[in-house]
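Please keep the sequence and the three-dimensional view at hand while reading.

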Amino acid sequence: MATKLVMEPIFEADFQESSFGFRPKRSAKGALDRIRKACNRKGNWVVDVDIQGYFDNINQEKLMKLVEMRVSDRRFLKRVRKWLKAGGMEEGRVRRSDLGTPQGGVISPLLANIYLNYFDILWERYSSGIGELT
């Protein structure tokens, strides 16, 4: 939790306004309000997308590069890397992978948002005319 408390404000400053999942002072109600306002302004369609297995398929090396863009403390980065490499228990055996964030870990939602924020930025830059993300 201490790691998350240090990291969260650093990355919260970068997250897009359209991002609501697993964020402090953000809720599903806020996301629905944003969708309602967007539909009233310019559209009739809402597309609900779920990224299947998102937490399990995050590329850890790319995620670490994104973390390293904002955090320079080597000891801190080493701690995050160890967290990612720790793996998890499946059917009584430890499973390690180069993909994913530890499910159920207090820092996993923040790491997932750091990774997804890159997509949010690209969407805003190149596709915002198509529609809005929430």
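## Aromatic residues

Phe22, Tyr54 and Phe55 come together as one aromatic cluster. The model is a predicted one, and every value given here is computed from it. A pair of aromatic rings is described by the distance of the centres and the angle of the planes. The chain holds three aromatic pairs by the rule applied here. Phe22 and Phe55 make up one of them, an edge-to-face pair with 5.8 Å from centre to centre and 85° between the planes. Because Phe22 belongs to the loop between H1 and helix H2 (28-42), whereas Phe55 belongs to the loop between H2 and H3, the pair ties together parts that are 33 residues apart in sequence. Phe119 and Trp123 form another aromatic pair, which is tilted, with 6.2 Å centre to centre and 45° between the planes. These two residues, Phe119 and Trp123, are four residues apart in helix H5 and are therefore separated by about one helical turn.

| Residue | Relative accessible area | Class |
|---|---|---|
| Phe22 | 56% | exposed |
| Phe55 | 17% | buried |
| Phe119 | 42% | partly exposed |
| Trp123 | 19% | buried |
| Thr101 | 6% | buried |
| Gly105 | 18% | buried |
| Lys25 | 87% | exposed |

A further aromatic ring takes part in an arrangement with a charge: the charged end of Arg26 sits over the ring of Phe20, at 4.8 Å from the centre of that ring.

## The loop between H1 and H2

Most residues other than glycine have a negative phi. Phe22, which lies in the loop between H1 and H2, has a positive phi of about 55° although it is not a glycine. Lys25 also has its place in the loop between H1 and H2, and its phi is near 60°, again a positive value in a residue other than glycine.

## Helix H1 and what covers it

Which residues of helix H1 (residues 2-12) are buried? They are Thr3, Lys4, Met7, Glu8, Phe11 and Glu12. An α-helix has 3.6 residues a turn, so residues three or four places apart point the same way. On the face of H1 that is turned away from the buried side, the exposed residues Ala2, Leu5 and Pro9 are found. The cover over the buried residues of H1 includes helix H3 (60-68), helix H4 (74-85) and helix H5 (108-126).

## Packing of H3 against H5

Two packed helices are described by the angle between their axes and the distance between the axes. For H3 and H5 the angle is about 85° and the axes are 10 Å apart, which means that H3 is roughly perpendicular to H5. On the side of H3 the contact is made by Lys62, Leu63, Leu66 and Val67, and on the side of H5 by Leu111, Ile114, Tyr115 and Tyr118.

## The loop between E2 and H5

Thr101 is located in the loop between strand E2 (93-95) and H5. Leaving aside residues up to four places away in sequence, Thr101 touches Phe55, Ile58, Leu63, Leu84, Ser108 and Leu111. Gly105 is likewise in the loop between E2 and H5. How far apart are the C-alpha atoms of Gly105 and Met1, which are 104 residues apart along the chain? The separation between the C-alpha atoms of Gly105 and Met1 is 9.2 Å.

## The chain as a whole

The chain contains five helices and two strands, and along the sequence these follow the pattern α-α-α-α-β-β-α. The C-alpha trace spans about 50 × 35 × 25 Å along its principal axes. Of the 134 residues of the chain, 33% count as buried. Among the contacts in the chain with a separation of 6 or more, 67% are accounted for by residues 24 or more positions apart.

Conventions:
Residues numbered from 1 in each chain as written. Predicted model: local features only at pLDDT ≥ 70, side-chain atom pairs only at ≥ 80, totals over all residues. Heavy atoms only, no water. Buried < 20%, exposed > 50% of the residue type's maximum accessible area, 1.4 Å probe, protein only. Contact = heavy atoms within 4.5 Å. Phe/Tyr/Trp six-rings, centres within 6.5 Å; stacked < 30°, edge-to-face > 60°. Lys NZ or Arg CZ within 6 Å of the ring centre and 35° of its normal. Axes fitted to C-alpha atoms, helices over the stretch in contact; angles between N-to-C directions. Parallel < 35°, antiparallel > 145°, perpendicular 65-115°, else oblique.
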